[in-house]
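Please open the model in a viewer and keep the sequence at hand.

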Amino acid sequence: MELTYIQKDALTELINIGYGRAAGALSELTGYRITLEVPRIAMHPIDEIAPHLMRMVEGEVASVTQVFSGPVAGNALLLLDEKAAVMLSELLTDDVAPSGGFDSGAREIITEVGNILLNALLGVFGNLLQVQISFAVPRLRVDTIDSVLQSITVQDEELRYALMIHTRFRLRANNVSGYLIIILGITSLDRMLTELEKWEERQKG
Amino acid sequence: MYGLEVLAKIRELNPDVRVIVATADIQTSTRDQVRGAGASAFLTKPVNRKELAGVVTTVLEGGNVQWN
């Protein structure tokens, strides 16, 4: 399944608004200006997603996964390498972890950050597309990307192909960067494209 | 238990309790549900202290909170 140019363009516009809202929330939390790379949108067979992500983030990652359901369902992830996760939690508490590691306090903070960012991103989709999206409790994992994705795909047989939307964000004035990723199965993608067309019509009207 | 369920339970136990909901969910449909369930105010995270203090004060004084 390939997206047409017009579909990709509309999706990019929607995603830009969503990522912008998430970046705004992160900026408000940290007090730093956030830069966002242009979101990338691509359809991948599910088993190609892990190798793709492993080229972007090496080693173990701290991932916050938010399962969302409703007319458009899927998985949203915040991915940070472990060092970035520790730095981000320290930034938010003005505190340095005594062990220098990713302790329980830091885990709670990163889970909440993930909750806020992913809800901001997906909430924009819900508002603009006028669909109600429900969120499960966010889950934090510190693991390899392969294992993180494995846990997602095992739960959802529909995810043989998936739309992957990702962008890299960076906190200016320090080295914290990470990825916000949305994975949608084919049925949800179809529904999203339908809602996207309606949204475009409403924009014109 | 999710926030809306907690809100419903609180209202069931004591309808006079004023509840301010703070959530990461920014959807207008969620805000409408929260309002319909009887909350006094709806804040989206991240919540800044000044905003929180203002809303708590308004709610405690029985004033009207802006829902938009």
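**Where the chains meet**

Begin with chain B and chain A of this predicted model: between them there are 6 residue pairs in polar contact, both residues at pLDDT 80 or more. On the side of chain B that touches chain A, select helix 2 of chain B, which gives the most to that side, with 4 residues. By class, this side of chain B comprises 4 nonpolar, 6 polar and 2 charged residues.

Next, select B:K45 and A:E112. These two residues form a salt bridge, with their closest N and O atoms 2.7 Å apart. The count of salt bridges between chain B and chain A is 1.

Now display the whole contact, to which chain A brings 19 residues and chain B brings 12 residues. About 1200 Å² is buried between chain B and chain A, and 50% of that area is on carbon and sulfur atoms. Within chain B, colour B:I26, B:Q27 and B:P46; they lose the most area to chain A, together 49% of what the chain B side buries.

**The largest pocket**

Of the 22 residues lining the largest pocket, A:F135, B:Y2, B:G3, B:T23 and B:D25 are the closest to its centre.

To follow the lining, select helix 4 (104-129) and strand 5 (134-135) of chain A, then helix 1 (3-13), strand 1 (20-23) and helix 2 (28-36) of chain B; each supplies at least two residues of the lining. Colouring by class shows 11 nonpolar, 9 polar and 2 charged residues in the lining of the largest pocket.

Terms used: Residues numbered from 1 in each chain as written. Chains lettered and ligands numbered in written order. Predicted model: local features only at pLDDT ≥ 70, side-chain atom pairs only at ≥ 80, totals over all residues. Heavy atoms only, no water. 1 Å grid on protein atoms, 1.4 Å probe; cavity = no way out; pocket = protein on both sides within 12 Å on 5 of 7 lines; lining within 4 Å. Nonpolar A, V, L, I, M, F, W, Y, C, P; charged D, E, K, R; others polar. Contact = heavy atoms within 4.5 Å. Buried area = accessible area lost by both parts, 1.4 Å probe. Salt bridge = Lys/Arg side-chain N within 4 Å of Asp/Glu carboxyl O. Polar contact = N/O pair within 3.5 Å; in protein donor to acceptor, adjacent residues only side chain to side chain.
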